[in-house]
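This report walks through the fold, the charges and a few selected residues. Please look at the sequence and the model first.

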Amino acid sequence: MVFKKISKLLLIEQTFFALPFAYLGLLFAGGDEIYTWIWVTLALVSARIAGMSYNRVIDANIDAKNPRTKDRAIPSGEISKLVVWLIAVLASIIFISSAFMLNEICFYLSFIALFMLFTYSYIKRFSSTSHFYLGLVEAAAPIGGYLAVITRFDVVPFLLGAAIMLWITGLDIVYAIQDHDFDKDEGLNSIPVRFGKDKALMISLILYIISIIMLIAAGVLTSRGISYWVSVICVILIFFRQQYIARKEDIEIAIVDFFQINTLVSPILFVGTFIDVMIK
């Protein structure tokens, strides 16, 4: 029962949506050691649990005021802040330990990643760039996956990271539209609050387009095969479908449909890249 509440609070099932980010980096780097895949998986899962825990406990008071989030486990009293803090600390230790088991550069960078996971929730209190900050946090997954195999900085992981960052940023901007009135009343910052819904949607669309360009650039630079390009085409179709959905009149219904098809993006990219690597 407790595990079910924690799972619901931290959206554990969405970890499977995030894992392919790191796996993309592994595949582009040519990683074929089971050992590496295991530690990368553990690092990403623990990082995401830590990040979600920090977010839930830091934003608990804000969530309690928001009609959309007031029934979450901490505001409703189902789970105490102390329990979530303990989960966050334990997950952080596992994350750093997993990075240590990969290599030295991953170990050192894990502290920067952890700092970003912790500070993300505070950004919206003083800047509308919080969407980009979240995107940057997510971009660490493919970059980290790549560096787990090739311990030097290269343009390829940063192209992948940029693609993920711009996509997640554009996605989060759309997500923030539903909280426009609440955020404005509470003095919280977001792109929709600063620029309004129409301009926010245009910014989201531009970010999606640049994200596609980054995926194409990464594929060209590494001479990816047909399966990768098929997956990119599928992602392009999903992106434009999302942008169409985001412009529906009822934003709450639109958000549900928006995120339903969004869960397909990372698995499609992973499968396409995996098949390409295996064929080669």
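How many positive and negative side chains does the protein have, and how far apart do the centres of the two sets lie? There are 22 positive and 22 negative side chains, and the two centres lie 2 Å apart. Lys and Arg count as positive, Asp and Glu as negative; His and the chain ends are left out. Each charge is placed at NZ of Lys, CZ of Arg, CG of Asp or CD of Glu.

The model is predicted: local features need pLDDT of at least 70, side-chain atom pairs count only at pLDDT 80 or more, and totals for chains, interfaces and linings use all residues. Residues are numbered from 1 along each chain as its sequence is written, and side-chain values use heavy atoms, without hydrogens or water.

**Overall fold**

The protein has 14 helices and zero strands. Helices (H or I, at least four residues) and strands (E, at least two) are DSSP runs, numbered from the N terminus. In order from that end, the elements read α-α-α-α-α-α-α-α-α-α-α-α-α-α.

The radius of gyration is 19 Å, which agrees with the value near 19 Å for a compact globule of 280 residues. That radius is taken over C-alpha atoms, and the globule rule is 2.2 Å times the number of residues to the power 0.38. Along the principal axes, the C-alpha atoms fill a box of roughly 55 × 40 × 35 Å.

Of the 280 residues, 53% count as buried. Buried means under 20% relative accessible area, exposed over 50%, and partly exposed in between (1.4 Å probe, protein chains only). The accessible surface comes to about 13,500 Å², and 69% of that surface belongs to carbon and sulfur atoms. Areas come from the Shrake-Rupley method with a 1.4 Å probe; for residues, only the protein chains shown count as cover.

**Salt bridges**

Side chains of opposite charge can pair when their charged atoms come close. A salt bridge here is a side-chain nitrogen of Lys or Arg within 4 Å of a carboxyl oxygen of Asp or Glu. The structure holds four salt bridges.

| Acidic residue | Basic residue | N to O distance |
| D59 | K124 | 2.9 Å |
| D276 | R224 | 2.5 Å |
| D257 | K248 | 3.8 Å |

Take D59 and K124, which meet in a salt bridge. D59 lies in the loop between α3 (34-58) and α4 (60-65), and K124 in the loop between α6 (104-123) and α7 (130-147), so the pair ties together parts that are 65 residues apart in sequence. D59 is buried at 2% relative accessible area. K124 is partly exposed at 23%.

In the pair of D276 and R224, the closest N and O atoms are 2.5 Å apart. D276 lies in helix α14 and R224 in the loop between α11 and α12 (226-246), so this pair ties together parts that are 52 residues apart in sequence. Both D276 and R224 are buried.

K248 and D257 form another salt bridge. K248 is partly exposed, with a relative accessible area of 31%. D257 is also partly exposed, at 23%. Salt bridges that share partners join D59, K124 and R125 into one network.

**Selected residues**

Is D276 buried or exposed? D276 is buried, because its relative accessible area is 3%. Helix α14, where D276 is found, covers residues 265-279. D276 touches R224, G225, S227 and Y228, leaving aside residues up to four places away in sequence.

S223 sits in the loop between α11 and α12. S223 has a phi near 55°, a positive value in a residue other than glycine. At 53% relative accessibility, S223 is exposed.

D198 belongs to helix α11 (residues 197-221). D198 is exposed, at 64% relative accessibility. D198 and R247 are 49 residues apart in sequence, and their C-alpha atoms are 8.7 Å apart in space.

N55 is part of helix α3. N55 is buried, at 11% relative accessibility. Leaving aside residues up to four places away in sequence, N55 touches Y120 and S121.

Methods:
Contact means heavy atoms within 4.5 Å.
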